[in-house]
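Welcome, and please open your viewer. We will take a short walk, one selection at a time.

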Amino acid sequence: PFEAAIFDLDGVIVDTAKFHYQAWRRLAGELGFAFSEEQNEQLKGVSRMESLELLLRAGGITDLMPEQKETLASRKNEWYKGLLETLTPYDVLPGVCSFLGLLHSRGVRTAIASASKNAPLILEKVRIRPLFDVVVDGNSIVRAKPDPEVFLEAARQLGASPDGCYVFEDAAAGVEGAIRAGMRVIGIGDGQMLARAHLTVNSLEQLEPVFLLSHIGV
Ligand code: B16
Ligand code: MG
């Protein structure tokens, strides 16, 4: 049975993925190399420090001390938080609020499962925290996606079994983590990038009728 819906945050509920990219690109620029949107795809869903490692590798930078890496990651995060200041409820992606409303009206519990330490700030800015029963984010988990920890913890807090959970993800690392958690996954975005998902759609707006019809029998 369909018990619970677990949502990634960046790129699924709010379009903050573009802010992450702007901040990483700025850091790459300061370090003296270009960083394309295509290269940035790898960073999606991955933790801040692992994202930095991928960025440095892309720029051929291999000789930094841990403290220097911490400094760079903090700089990126300050720029990113500056961009988050501009967020308003209008930045919630199309279809999100109506889909969550429908799920709740049918007794499906909902959670956020995000790698981001900024998740509480983002949810407050766009004012949708009340739409979720549970929030698990980068502040409370140890192992980043593709580890299944964040999804399993969300299911545990919801009191749902993993095989009764659907995960909505825009990142390859997140799709992989959800599969390892034993959950079903809906990829939001590029079907090729998210090939391991059970179903891929362009946005939640497109998903709602199809999904409800075929899985809940509405
Ligand atoms: P922060 P999600 C992830 O959020 C982002 O997709 C990823 O790009 C970011 O590096 C990670 O959060 C950590 O974010 O630096 O804010 O702690 O997609 O899992 O909601
Ligand atoms: Mg994401």
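A residue is called buried if 20 or more other C-beta atoms lie within 10 Å of its own, exposed if 12 or fewer do, and partly exposed in between, with C-beta atoms placed from the backbone. Helices are DSSP runs of H or I with at least four residues, numbered from the N terminus.

Before you click, note that this is a predicted model, in which local features need pLDDT of at least 70, side-chain atom pairs count only at pLDDT 80 or more, and totals for chains, interfaces and linings use all residues. Residues are numbered from 1 along each chain as its sequence is written, while chains are lettered from A and ligands numbered from 1 in the order in which they are written.

**Helix H1.** Select residues 17-31. H1 has 15 residues and reaches 21 Å from its first C-alpha to its last, close to the 21 Å expected at 1.5 Å a residue (that is, 1.5 Å times one less than the number of residues). Now colour its buried residues: Ala17, Phe19, His20, Ala23, Trp24, Leu27 and Ala28. They pack against helix H2 (37-40), H3 and H4; here, contact means C-beta atoms, placed from the backbone, within 7 Å.

**Helices H3 and H4.** Next, show residues 48-58 (H3) and 66-84 (H4), whose axes come within 10 Å and cross at roughly 105 degrees. H3 and H4 are therefore roughly perpendicular to each other, a label for angles of 65 to 115 degrees. Where do they meet? Arg48, Met49 and Leu52 in H3 touch Lys69, Leu72, Ala73 and Asn77 in H4. By class, this contact has four nonpolar, one polar and two charged residues.

**Ligand 1.** Centre on the ligand. Of the 20 residues around ligand 1, Leu9, Asp10, Ser114, Ala115 and Ser116 come nearest; a residue counts as near if its C-beta atom, placed from the backbone, lies within 6 Å. The shell divides into five nonpolar, ten polar and five charged residues.

**Two last stops.** Is Leu204 buried or exposed? Leu204, in helix H9 (residues 204-216), is buried, with 22 other C-beta atoms within 10 Å. Leaving out residues up to four places away in sequence, Leu204 touches Leu93, Gly95, Val96, Phe99 and Ile188. Finally, pick Pro120 in helix H6 (residues 119-126). Pro120 counts as partly exposed, with 16 C-beta neighbours inside 10 Å. Its C-alpha atom is separated by 9.8 Å from that of Gly138, 18 residues apart along the chain.

Technical notes: Axes fitted to C-alpha atoms, helices over the stretch in contact; angles between N-to-C directions. Helix = DSSP H or I, 4+ residues; strand = E, 2+ residues; numbered from the N terminus. Parallel < 35°, antiparallel > 145°, perpendicular 65-115°, else oblique. Contact = placed C-beta atoms within 7 Å. Nonpolar A, V, L, I, M, F, W, Y, C, P; charged D, E, K, R; others polar.
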